[in-house]
Amino acid sequence: MKKLFGLLSLILLVGIDQYTKYLADLYLKGQDSFVLIENVFELSYLENKGAAFGILQNKRYIFLVITVLVMIGIGYAYYKLPKEKRYLPLRGICVTLTAGAVGNMIDRIGRGYVIDFFYFKLIDFPVFNVADIYVVVSAILFMILMLFYYKEDEFSFK
């Protein structure tokens with residue numbers, strides 16, 4: 001039942017990501033930025049052929065290989081995690097991280113680029129999307145859990 005819930009959650013999260021990118025493509029592409037908070041936050045369409053901060057531009061196949069390898073690793077970890085309630089946060093992180101990877105992989109395969117549209121102008125942060133939020137938040141929560149909640153000896157993937 002937990003695996004079915006994880007799969008349905010994954011599908012929902014990827015769907016949300018893809019829907020927001022569809023809306024960005026429909027309403028933001030070719031338009032001026034849509035300002036939500038003057039000089040702070042806006043929606044700005046960007047076709048990203050690289051990774052964060054513009055690195056590895058046009059290296060689509062590298063991203064695809066890395067994404068598949070990461071998804072295999074996450075899937076293995078998800079399968080091997082103990083079934084106790086204590087590990088539910090890690091299961092959630094696995095699902096959310098995978099949703100982010102899948103969401104951006106769909107773009108790279110289907111379009112050849114990732115649609116980004118959130119822009120924090122105040123700090124000139126790189127433009128990002130919902131899948132990126134999934135990945136970053138998952139990574140931060142993972143680090144917090146590993147540093148402060150779980151003990152190293154709790155994990156023995158045998």
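Modeller: This is a predicted model, in which local features need pLDDT of at least 70, side-chain atom pairs count only at pLDDT 80 or more, and totals for chains, interfaces and linings use all residues. Residues are numbered from 1 along each chain as its sequence is written, and side-chain values use heavy atoms, with hydrogens and water left out.

Colleague: How many aromatic pairs does the count come to?

Modeller: Rings of Phe, Tyr and Trp (its six-membered ring) pair if their centres lie within 6.5 Å; planes under 30 degrees apart count as stacked, over 60 as edge-to-face and the rest as tilted. By this rule the number of aromatic pairs is 9.

Colleague: Which class does the pair of F118 and F128 belong to?

Modeller: The ring centres of F118 and F128 are 5.5 Å apart.

Colleague: Is F128 buried or exposed?

Modeller: Buried means under 20% relative accessible area, exposed over 50%, partly exposed in between (1.4 Å probe, protein chains only). F118, at 17%, counts as buried. With a relative accessible area of 14%, F128 is also buried.

Colleague: What class is the pair of Y149 and Y150?

Modeller: Y149 is partly exposed at 36%, whereas Y150 is buried at 4%. Their ring centres lie 4.7 Å apart with the planes at 80°, so the pair is edge-to-face.

Colleague: How far apart are the end C-alpha atoms of α4?

Modeller: The expected span of a helix is 1.5 Å times one less than its number of residues. For the 19 residues of α4 that gives 27 Å, which agrees with the distance between its end C-alpha atoms, 27 Å.

Colleague: What arc do the buried residues of α4 cover?

Modeller: The buried residues of α4 are V130, A131, Y134, S138 and L145. The arc is that of the directions from the helix axis to the C-beta atoms. These residues lie on the same side of α4, because their arc around the axis is only 95°.

Colleague: Which exposed residues does the face of α4 turned away from its buried side carry?

Modeller: An α-helix has 3.6 residues a turn, so residues three or four places apart point the same way. On the face of α4 turned away from its buried side, the exposed residues are L147 and F148.

Methods
Helix = DSSP H or I, 4+ residues; strand = E, 2+ residues; numbered from the N terminus.
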